[in-house]
Amino acid sequence: APDIPVIDQAYSKLSNSITVEWRAVPGATNYMLTAQDGDSFVETIVKSSPGTVTGLKPATLYRITVRSINSGGKSQPSPFRKVKTVLAAPILSVHSPSCDSIAVSWKAVHMAAGFSVSLMRSDGLGRRLKQNTTNTSLIFTNLDPGTLYTIKAYAWNANGMPGDDFTYNQRTSPNAPVDVKVAFNSGALRAVVSWMPTEGALTYSVTVSSGLLKLRCNTSSASCVVPSLQCSSEYYVSITAHNDAGSSEPTDAVSLKTIPCAPVNISIEEEEPGHLLVSWSSVSLGHYYVVFVKSDDGLEVHCNTSHTQCHFQSDCGFTYFISVFAYNKAGQSPLGDVLNYTTAPCCPSDFRAVFISSDTVRVTWAPVRGADLYETRAAGGSGVVLCRDTATACTLSALQCSAPYNITVFSFSEARGGNTSCAPQHVATAPCSPEIKNISKEGLSVISVQWQPNNEEAMYVVTARGEAGLWHCTSTRNSCTLMDLPCGSAFSVSAIARSPAGQSLPSYSIPLETAPCCPNDLILTQVTQSVTNISWSVGRGAQTYVTTLDSPKGRAKCHTLQTYCLLGCITCGTNYTVSLRAISETGLTSSCTYQGYSSSACCPSGVKLYRLSNNGIRVFWRASDETINYNADLCGSKGNFSCTPSLGLSHCDITKIPCGDVYTVVVAPVTDKGPKLTFCPKKIYS
C-alpha cells in the first residue's frame, strides 16, 4: 500500500462542498477523500490534488481525511482537518411594486449573521447598488422603469465569511404610455387607439369603458383596434403597459364620442295630396339631420335640418324611399330603416270600351304609374257589374242588353288603396238577341221568318246559312221573307239585331230543309217484252225515289234507294205516263213529271219455217197487230240474212242460203228508231 498523504489545506467555497489540497504520494494512483459528520460520512475518489467532496450540508463542521490508493491497497487515513461548509445562499423572492422600484425578500438562512444584496442594470449601464442588512427583505428605489436588473445576494456568518450567492434578473414594471391618440372609424363603428411605445413593456391593454360596459383590447404593438362600439355613446379610453414585472398605471382617460344612432320612429304623412311630412325621434349626440327622399324614377331630393321633421312635394303614383341620417363631429349615423311611401295611383287615361257582344264589353286603358290593380265598375241596367284585374284591360260580362251604363275605371295600389276620383264614361250595350218564333213556307222557294221584337230602334237581319250559300232578309218589324232558296238544301236560320250601339248575339238557329230536287235526266229502256228499266240522274236532297208508269191497262211502280229501277208487268204496245217522286231523309217530297213512254210492239207468235227450192226458206208468223211491220233475221256461221215483208203480210222468203249450216231465226217488230228488239223468241233451222 502507498504512504499516508498529508493534507496541506482544506476549505469550503460552496455550501455543499469542501476542497482539499495534499502532497502527492509516490506510487499512488488514486486518492479517497472522506468528509465525516458524526456518524455519517461522504467519500469521493479523485486522481490527484486538489479534490472536492460534494453533497455536503451547508454551515456544517466536517472531519476531512485523505487516503492514497494503488494496486496494493489503501493507505491509512491522513491526519484529519476540521472544515466547516459556508452558508447557503438566500432564495430570493423579487417583484417590482412600481415602475421605479424592486422589492427583494428571502427566507432566513441557517447560521447567517447578515445579508448582502447588490443590484445593477443587466446591460451594464449605470452604477451598482449594494445594501447590507440583517433583515430578510429590502427595496431598491429610484430605478429606471421597464429596465432589466441583475440582483445578487449572499449571507455571511458571525466571522464575516460569505456564503453561496444567489443571482436573479428582475425587470421593473413599465411606465404608463404617452401620446395616446384615438382614431374613430364611423363606418365600421370601431376605434384605432395608438401610443408611443414604453420602455420595457411587453404588452399593452386598452380599456374602453362607457358606464358599466367595458371593452378591452390586448396587443404587443403600439396600436389596437377596438371593434363593436355602440352608436350615440361616449367612451373613455385608457392604456396600461405590462411586462413580466407587472403593469403600469393606466393613462389618463381620453374621451371618444361615437357617431349618432340611426333615427327611429320615422313616420310619413300625406297632409294633403302632393305634400309629404317626414318626422322622427331625436337622437342622442345627434347635432343635425339629413333626410333623403328618392322616387322610383331615380330622382332624389334631401332636407337638412336641426329639427325632427321635414316637408316634401310628391306626385301621384310614385313610390318614395325615405331615409333619415343623424350627424355629429364623429360622422354620419348608420343607415336605419328605409321607409317607402306610395302615393295614390293616378286615374287611368286613354279609356276605351268595345262591345264584344250584347252583354259583354271589353274595356281597355293606358297603364298609370303606381297602380297594382284596376277595378272596372259598370253601373246601370239592373245593377252594378265589377271586374278587378292587374292588366290594363277588363271584360265586363252579364250586362243587360240594350241598356245604358256608366263605366268607371279605378286604380288601386296595395300600399295606398284606390283613387276614387276618376270620371265615368257613358256607354250603351248592344241590342238583345231576337227569338225566332216561327218559320213557314209560303212557296216552293219562299220562306217567311217571324221573331219576337225585344229592342227599340233596331234593324233585324235574318240569315239562312247552308252549303248552298247565304240568303238574307232584313226588317225593322217582326218578320221578313227569304226568297229563291234552292231545292234539296239544308239551312240554319238565325237572326241578329243591329243598332248604333252594336250588334246582338245571333238567335238560336232553327233548322230548315227545302224539298229535294227532281232528277234532270230520266231514261226508259225495255229489257224484255214485259220488263222496262228506268234510270235517272241524282236529285239533290233526295234519299229515295218512287217511279210510276200508268196506262189504262194498268200501273207499274217501284220504290228504291238507287237511281234506277226495273218495272215488270209492262203491256207491249201501250202508251204510259211517267212520274217520279223524290223523297228526302226527313220525308219531304217533290213530285216530278216527264214525257210519256210507249212500250214496244208485241212479238209475233206461231213462227214456222218452210224449205224452198234454190236453197231458200220461207218464214211464217202470226201477227199481233196487222198495222205492225215485222222483220225476220237468219243468223248462221256462214252468214247473216234478213227479210222484211210488205205491211200487212205475215211471211217473207230468204233465198240463196248456204247449205249444211245451223241458223237462228228471230221475227221481231220493226221499230221506227233505236236498236232492233232482241227479246223475241228464237227458232233453230238446220
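**Aromatic rings and their neighbours**

Phe-641 is partly exposed, with a relative accessible area of 22%; partly exposed lies between buried, under 20% relative accessible area, and exposed, over 50% (1.4 Å probe, protein chains only). The model is predicted, so local features need pLDDT of at least 70 and side-chain atom pairs count only at pLDDT 80 or more, whereas totals for chains, interfaces and linings use all residues. Residues are numbered from 1 along each chain as its sequence is written, and side-chain values use heavy atoms, with hydrogens and water left out.

Across the whole structure, a search finds 14 aromatic pairs. Rings of Phe, Tyr and Trp (its six-membered ring) pair if their centres lie within 6.5 Å; planes under 30 degrees apart are stacked, over 60 edge-to-face, and the rest tilted. One of the pairs is Trp-451 with Tyr-460, which is tilted, at 5.5 Å centre to centre and 40 degrees between the planes. Trp-451 counts as buried because its relative accessibility is 3%, and Tyr-460 is buried at 1%.

Phe-641 forms an edge-to-face pair with Tyr-663, at 6.3 Å centre to centre and 65 degrees between the planes. This pair links distant parts of the chain: Phe-641 is in strand β59 (residues 639-643) and Tyr-663 in strand β61 (residues 663-669), 22 residues apart. Strands are DSSP runs (E, at least two residues), numbered from the N terminus. Tyr-663 is buried, with a relative accessible area of 1%.

Charged side chains also meet rings. Arg-63 lies over the face of Phe-80, 3.8 Å from the ring centre. The charged end of Arg-369 sits over the ring of Phe-318, at 4.3 Å from its centre. A charge sits over a ring if NZ of Lys or CZ of Arg is within 6 Å of the ring centre and within 35 degrees of the ring normal.

Terms used
Helices (H or I, at least four residues) and strands (E, at least two) are DSSP runs, numbered from the N terminus.
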